[in-house]
Amino acid sequence: MNLEKLQNGSDIRGIAISTEEYKANLTTKEVKEIAKGAVSWFRSKNEDNNSKYLAGDLLVGIGRDSRITGPTLKDALVESFIQQGVNVIDFGLATTPAMFMATQFEEFDCDFTIMLTASHLPYYFNGLKFFDKTGGAEKSDIKEILSSTSAENSNGKTGVVEEADLLTPYAKDMVEKIITGAGGNEKPLAGLKVIVDAGNGAGGFFAEKVVKELGGDITGSQFLEPDGTFPNHIPNPDNKEAMEAIKSAVLNNKADLGIIFDTDVDRSALVTATGDLLNRNNLIAVLSHIVLDEYPHTSIVTNSPTSSHLKTFIESLGGKQVRYISGYRNVINKAIDLNSEGVETHLAIETSGHAAFKENYFLDDGAYVVAKIFMLLPKLTEEGRSLSDLIENLNQPSEVQEVRFKLEDDDYRKLGERVILDIDNADVSGFKIDTANHEGIRFNTSGKYGSGWFLLRMSLHEPLLVLQVENDEPGKVKLVLEDLKPFFDQYPNVNKEKLNEVLLELNGN
């Protein structure tokens, strides 16, 4: 059993249901072994208290999103833990950020927790995320968990399991924070219609337990019922179809605001009353405006594929953008490191919607993102302003395009790195390397290529090269791609199918 192949950065992910294309590799058998590795990892990490945990006092919380394999995999985890003498709280349906808070809330005080989720991936996937009282697991932690499954952890006792509701106290805590942040206003959403789209994931609770509790009208909210087949749209705030679904709901219901979550609620995005999408660069801009009002001159860490206009916007507010390596743990850890170095940093955020605030444990929590905006709404209403007004000075590119190249080589990472190195050495008039970049290679464009940029980077977890192109002048993205095509044609193991499709589309074919 090669469990190491299940590592996905700082998470574990695999196929939980066999399909015609994929064979299941994350079943009850694997998760029982992972539970052993988790106990070994935690005890190793807490050697000073090892005697306490060996005495049977270790308490683990388990939650899951709406995936259809969640209950079965949860039962397998519980069985393995109680056989090891570990006590378990079964939280049932939960969210990823709530599972971290289960280590902080005194009523639960879990030593570590596990969230069963595979974020926005199709229904046949599942996975595990781990938290202890210090935060989320790192890549090194996952490696240790997956390589420590042979350890003998039994203490001669049998653990006990109890069930508990986590989402209610989590929502109550969120409501209290919003009221405090809104200056004590107990109904800061009174008179506002707010639509919640949970995508049939775990975020449906937010409508009744948070929005309605704060005085908001939730009429028109959609896909709140958990359904792990995700029948309506992909629960992903970074997906065009999902964003169109919440935009249509807002406009059709004449709502003041729309909120959409991913499956496990560690990401979110918003839609304004006029249909403006507050995701990707726009969401970063809104949250940057909020934190820079609260913490002037703070640094803000983002991943690398952000618009050049965003950097200008953040600097215009007195802040500093630090573009870093993609991956939510990467941007969070960079923010933590900057603070430890004395560089005040209050926000770490990716274009995918992962956002973590220093004031909230640097926890990527989609619900807390919305909470920060709720805190601001009464003030904006009083001033006769809207969320869109916050980013009216953020210039929008004329064209945006992404192309993914499949790397058809056993050593795909070596191939991808070679392509990036080769394009680094390219000498093209109108392409200038942007040195303020920590991932792949980024060029600014000028002259005949218009005012824009493009970034070529490796995908974090897939055998892909990702090319992202933006431009302020219509038609220039097509020209950039056309002139880059001969470069990519040099590499037979770099699949150009998607590039050819994009060029055909841009040429109107």
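Predicted model: local features only at pLDDT ≥ 70, side-chain atom pairs only at ≥ 80, totals over all residues.

Q: Which residue stands opposite Leu-347 in E15?
A: That's Ile-300. Its setting is the pairing of strand E13 (residues 299–303) with strand E15 (residues 345–349): the two run parallel, joined by four bridges.

Q: What is the strand order of the open sheet?
A: Read across, the five strands go E14-E13-E15-E16-E17, and the pairing is mixed. Strand E14 (320–324) and strand E17 (363–364) are the edge strands, each pairing on one side only.

Q: Which strands does helix H9 lie across?
A: Look for residues 280–294: helix H9 lies across E13, E15 and strand E16 (355–357). Against E15, H9 runs at about 170 degrees. There's also helix H10 (residues 308–316), which packs on the sheet and touches E13 and E14. The direction of H10 makes about 145 degrees with that of E14.

Q: Zooming out, how many helices and strands does the protein chain have?
A: You'll find 16 helices and 22 strands. The chain is as compact as a globular protein of its length, because its radius of gyration is 23 Å, close to the 23 Å that the globule rule gives for 509 residues.

Q: What share of the residues is buried?
A: Buried means under 20% relative accessible area. Here, 56% of the 509 residues are buried. As for the surface, the chain exposes about 21,200 Å², with carbon and sulfur atoms supplying 46% of it.

Note on methods:
Residues numbered from 1 in each chain as written. Heavy atoms only, no water. Pairing = 2+ DSSP bridges. Contact = heavy atoms within 4.5 Å. Axes fitted to C-alpha atoms, helices over the stretch in contact; angles between N-to-C directions. Rg over C-alpha atoms; globule rule 2.2 N^0.38 Å. Buried < 20%, exposed > 50% of the residue type's maximum accessible area, 1.4 Å probe, protein only. Areas by Shrake-Rupley, 256 points an atom, 1.4 Å probe, with all protein chains shown as cover.
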